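Here's a friendly walk through what you have on screen. Take a look at it, then read on.

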Amino acid sequence: MIDTKQKSLKGGEFIIRESDPTSVFIPEEYTEEHKMMASMADDFLDAEVLPYLDRIDSMEEGLMKSIMDKAGELGLLGISVPEEYGGFGKDFITAMLMTEKMGAGHSFAVAMSAHTGIGTLPILYFGTAEQKSKYLPKLATGELKASYCLTEPGSGSDALAAKTKAILSSDGKHYILNGQKMWITNAGFADLFIVFAQIDGDKFTGFIVEKNTAGLSLGEEEHKMGIKGSSTRQVFFADCNVPVENVLGDIGKGHLIAFNILNIGRAKLAGAALGGAKRAIGLSVSYANERQQFKLPISKFGAIKHKLAEQAIKTFTLESALYRASDQIDEMEKELLAKGLNPADSLLGAAEEFAVECAILKVFGSEVLDYVVDEGVQIYGGYGFSSDYPMDRAYRDSRINRIFEGTNEINRMLIVDMLLKRAMKGSLDLMTPAQNIQKELMGIPDFGNGEETPFSECLTAVSNMKKAILMVAGAAVQKYMMTLAKEQEIIMNISDMIIETYTSESILLRVQKLSTTKGSDELTVYIDMMHTFIYESADRVNHAGKSAICSMADGDELRMMLLGLKRFTKMHPYNTKDSRRRIANVLIDKNTYPF
Amino acid sequence: MKILVCISNVPDTTTKITFNSEQTEFNTSGVQFVINPYDEIALTRAIEITEKDGGTVTVLHVGEASADPTIRKALAMGAHDAIRVNAAPRDAWFVANQISNVANGAGYDLILMGRESIDHNGSQMAALVGELMNIPSISICKSLTLEGNKATVDREIEGGKEVAIVETPFIASASEGMAEPRIPNMRGIMSARTKPLNVVEAVAVDTLSEIISYDTPKGRGQVTLVEADNTDKLVELLHTEAKVI
């Protein structure tokens with residue numbers, strides 16, 4: 001059985017268990033304080049960021065820094081910093097909501113996110129008491145601005161292969177850093193650099209390096225496709241003396257900082273993508289309502305309605321998954337706190353527990369945003385290709401999201417790798433349900449009992465997607481054993497199936513929960529989004545599963561698995577054209593993204 | 001300085017205005033409500049005054065509990081406490097009576113509000129409350145500076161400005177220029193939920209006006225462009241289509 005219900009799931013457990021809709025958090029449950037903070041963030045963007053996008057992108061001297069200062073004055077840089085260090089100590093959902101709101105701010109969003117995320121969090125989670133007292137209050141107000149130096153010219157995805165070296169000085173008071181870091185966000189105005197270097201060539205370790213340290217120098221601003229207003233430079237270390245008290249975390253344990261912070265960064269990247277997507281949809285629909293061709297607003301045409309609806313469906317699904325996972329991280333953090341862990345270890349532990357979900361969100365979020373801005377350009381037509389209209393910037397700025405915080409390829413591989421490692425360690429029992437699927441395949445298919453509601457049909461579909469994953473992944477593990485890592489194409493297929501399943505389940509759970517509070521008229525558009533997404537998601541699971549099966553099986557096994565896949569991805573015919581038209585009409589009527 | 005700021009809860013400026021099928025009620029479903037922008041200016045000026053000279057700012061709203069988020073935003077901006085008169089705001093006379101009932105005898109040095117609300121645009125409140133309380137009221141003020149109990153006020157008038165000097169207590173309605181509304185900060189937002197929001201019941205007031213129906217402006221007609229050198233065509237269209245000649 002894979003339908004065992006329990007209140008809260010562990011990370012990755014969604015593949016083998018069902019969630020109770022009442023246990024998930026949905027954005028419709030924001031508190032009054034959440035809404036007030038969100039409105040403050042909107043006001044800030046409207047007043048201080050969006051009117052200056054061109055000037056920001058032209059790297060006007062001092063502008064980004066001054067906007068960061070204003071964000072600091074409002075408290076936007078201290079959301080996650082505990083109150084004892086001058087911040088506001090807000091939970092993960094709140095931090096995510098603010099990340100989402102700021103995500104509509106193009107290059108500013110990147111600068112702020114780098115400062116508050118990978119710039120500040122390493123000190124918060126791994127710093128000594130002295131380091132925290134010295135730096136966090138100033139980071140929370142923006143008096144100090146931070147950047148994070150991990151990537152090097154020769155080490156990107158393979159981060160631990162960094163060559164920057166640190167050697168202890170003869171008097172034992174300093175580490176002498178030598179090396180070069182690349183693609184460093186905020187480098188141009190940062191006061192602090194979180195730097196990773198190999199002590200004695202093999203102990204990967206974190207350091208806090210202040211801007212004025214002798215031997216630290218910056219390269220020129222990089223010329224980039226997008227996020228042009230975000231400062232991106234190389235950082236050079238030439239006999240750079242860093243006091244030993246600025247070693248961050250344990251010597252040789254830099255990977256714990258680098259990777260744990262990345263879990264949080266990946267989820268936050270999805271949050272920022274969500275904010276960007278909502279803004280791009282708002283622009284798309286208002287343009288489509290305004291632009292007339294053949295004496296009609298182009299929003300009246302089915303081809304445009306399809307695009308608007310699809311933008312909304314994907315974005316709504318992303319939001320459902322993002323806040324579902326954010327709440328799970330919050331809940332796990334509380335659980336770990338109750339067990340006696342300190343606050344820093346509790347959040348890191350929670351994010352690590354949900355590392356699979358964080359990677360899913362990173363991939364899905366960045367790809368949803370890319371879809372939304374791509375269709376945004378298309379809806380704008382020729383004007384979408386003009387730099388005088390906003391979709392050009394949205395399109396260019398989106399693209400980096402599939403690359404940084406671990407490329408989507410690395411993240412896809414991580415999703416499968418982390419799940420299998422948990423299975424091997426015994427913390428996630430994939431084996432028993434996978435064996436049950438084998439037995440089910442030999443049995444007579446369930447033909448259903450006639451009439452289905454959208455909920456019952458979608459519930460069955462999601463449950464079956466999980467079976468499809470277990471069938472395909474189980475076969476892949478059996479066939480390749482320890483050499484599976486070399487079959488990256490198959491891993492990508494399995495990962496795609498997992499992403500589809502998690503996101504499908506997330507929108508299903510959200511709409512199930514909404515059905516308890518919304519009237520049937522109001523609920524229609526939500527059911528339309530859920531049904532359309534899951535209906536086509538089942539097809540995508542089929543497609544990915546088929547690629548994997550055909551790549552690794554043959555003969556009877558191939559035929560049996562393809563039949564099984566067909567059974568597990570089958571849904572009743574559904575009119576997605578009418579459904580998308582209904583969804584689009586809601587957007588068109590409200591002239592914005594209204595969900 | 002003890003200041004009372006009256007705020008209205010109005011639809012966000014981007015709201016698409018619709019009415020019920022009888023055209024007698026504004027359709028509030030899905031509408032985002034905000035502090036009336038002119039009231040926000042008044043509130044900001046009140047906060048600036050107390051930040052400089054000390055004192056308290058109380059916000060007053062006549063309306064139902066659905067307006068509490070708007071009141072909390074005023075508290076987040078920096079007001080010290082709030083009073084909500086628990087009644088739907090029927091008309092200007094009703095609201096003015098509720099305001100004067102709360103303010104009478106409460107010792108406010110200054111009562112501020114926006115020049116008008118951006119929903120019904122009545123522009124009557126400052127004058128009505130001034131009459132009911134028998135204190136001076138000055139409308140449409142572009143600036144307000146206080147020295148002791150004397151205020152200098154710039155008023156917007158046709159083609160220029162008028163400078164008035166008035167002693168507290170008095171009422172002023174704010175226009176653009178009096179202050180630049182500020183975005184509430186995190187600390188303000190977090191303290192807003194612990195600041196007092198006192199709910200009081202309304203006093204009985206006669207209903208003097210009744211809204212019979214609402215209507216939206218007619219949409220703009222089609223535009224026909226005529227080439228500049230084609231005056232014959234223009235004359236023909238004005239004669240046959242527009243029927244104005």
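A bit of housekeeping comes before that. This is a predicted model, where local features need pLDDT of at least 70, side-chain atom pairs count only at pLDDT 80 or more, and totals for chains, interfaces and linings use all residues. Residues are numbered from 1 along each chain as its sequence is written, chains are lettered from A and ligands numbered from 1 in the order in which they are written, and side-chain values use heavy atoms, with hydrogens and water left out.

**Where the chains meet**

Let's start with chain A and chain B. On the chain A side, 19 residues are in contact with 14 residues of chain B (contact means heavy atoms within 4.5 Å). About 1400 Å² is buried between these chains, and carbon and sulfur atoms give 67% of that; buried area is the accessible area (1.4 Å probe) that two parts lose on being put together, summed over both.

What about charge pairs? The rule finds four salt bridges across this interface, a salt bridge being a side-chain nitrogen of Lys or Arg within 4 Å of a carboxyl oxygen of Asp or Glu. Asp589(A) and Lys16(B) have side chains that meet in a salt bridge, at 3.0 Å from N to O.

Which helices of chain A take part? Helices here are DSSP runs (H or I, at least four residues), numbered from the N terminus. Sorted by class, the touching side of chain A has nine nonpolar, three polar and seven charged residues. In that sorting, Ala, Val, Leu, Ile, Met, Phe, Trp, Tyr, Cys and Pro count as nonpolar, Asp, Glu, Lys and Arg as charged, and the others, Gly among them, as polar.

**Inside chain A**

| Domain of chain A | Residues |
|---|---|
| domain 1 | 27-145 |
| domain 2 | 148-252 |
| domain 3 | 255-409 |
| domain 4 | 426-590 |

Now for domain 3 and domain 4 of chain A. Their C-alpha centres lie 22 Å apart, and 25 residues of domain 3 are in contact with 23 residues of domain 4. The area buried between these domains is about 2300 Å², with 72% given by carbon and sulfur atoms. On the domain 3 side, Ile313(A), Phe316(A) and Arg324(A) supply 28% of the buried area, more than any other three residues.

There are three salt bridges between domain 3 and domain 4 of chain A. Arg324(A) turns up again here, as its side chain meets that of Glu505(A) in a salt bridge (2.7 Å, N to O).

**One arginine**

Finally, pick out Arg279(A), which sits in helix α8 of chain A. Leaving aside residues up to four places away in sequence, Arg279(A) touches Leu50(A), Leu53(A), Ala104(A) and His106(A).

Methods. Domain bounds come from an automatic or database domain assignment. Helices (H or I, at least four residues) and strands (E, at least two) are DSSP runs, numbered from the N terminus.
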